[in-house]
Amino acid sequence: QLQLVESGGGLVQPGGSLRLSCAAAGFSLNYYSVAWFRQAPGKEREGVSCISRSGDNTAYVDSVKGRFTISRDNAKITVYLQMNSLKPEDTAIYYCAAVSRFFCGLGPDYNYWGQGTQVTVSS
């Protein structure tokens with residue numbers, strides 16, 4: 001069974017940083033575009049960032065541009081989301097998702113989803 005596992009969430013003060021990781025169990029992420037989504041209490045899930053299968057193309061929602069960076073390692077088995085200058089409004093459950101497609105997007109049309117990791121930004 002194909003599974004995605006997120007890690008790296010936690011509690012951080014405003015202005016701090018976290019790095020989220022997304023790893024695949026049961027398959028290789030080499031052939032998948034990967035995205036990070038988040039869902040805050042009482043809000044709809046939104047696409048935060050994505051990276052194409054090759055790693056050459058990325059996209060970000062406007063609210064995180066300049067603060068978050070998505071990347072994948074050389075073996076393409078893990079995707080990271082480096083989050084800097086965190087704000088209280090970044091508080092949410094963060095999910096990674098994958099789709100067997102060359103290009104990525106921030107829409108919800110991904111086949112595989114992880115269980116999520118909580119990120120809380122608070123003083």
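## Strands 1 and 3, and their sheet

Strand 1 pairs with strand 3 (residues 18–25) in the antiparallel sense, over 5 bridges; strands are DSSP runs of E, at least two residues, numbered from the N terminus, and two of them pair if DSSP finds at least two bridges between them. In this pairing, Glu-6 sits opposite Cys-22 of strand 3. This is a predicted model, where local features need pLDDT of at least 70, side-chain atom pairs count only at pLDDT 80 or more, and totals for chains, interfaces and linings use all residues. Residues are numbered from 1 along each chain as its sequence is written, and side-chain values use heavy atoms, with hydrogens and water left out.

Zooming out, 4 strands make an open antiparallel sheet, ordered 1-3-8-7. Strand 1 (3–7) and strand 7 (68–72) are the edges: each has a single partner strand, so one side of each lacks a neighbour in the sheet.

## Salt bridges around Asp-90

There are 5 salt bridges in the structure, each a side-chain nitrogen of Lys or Arg within 4 Å of a carboxyl oxygen of Asp or Glu. Asp-90 pairs with Arg-38, with 2.9 Å between the closest N and O atoms. Asp-90 lies in the loop between strand 8 (78–83) and strand 9 (92–99), and Arg-38 in strand 4 (residues 33–39), so this pair ties together parts 52 residues apart in sequence.

Asp-90 also bridges to Arg-67, the closest N and O atoms being 2.8 Å apart. Both Arg-67 and Asp-90 are buried, meaning under 20% relative accessible area (1.4 Å probe, protein chains only). Through shared partners, salt bridges join Arg-38, Glu-46, Arg-67 and Asp-90 into one network.

Technical notes:
Buried means under 20% relative accessible area, exposed over 50%, partly exposed in between (1.4 Å probe, protein chains only).
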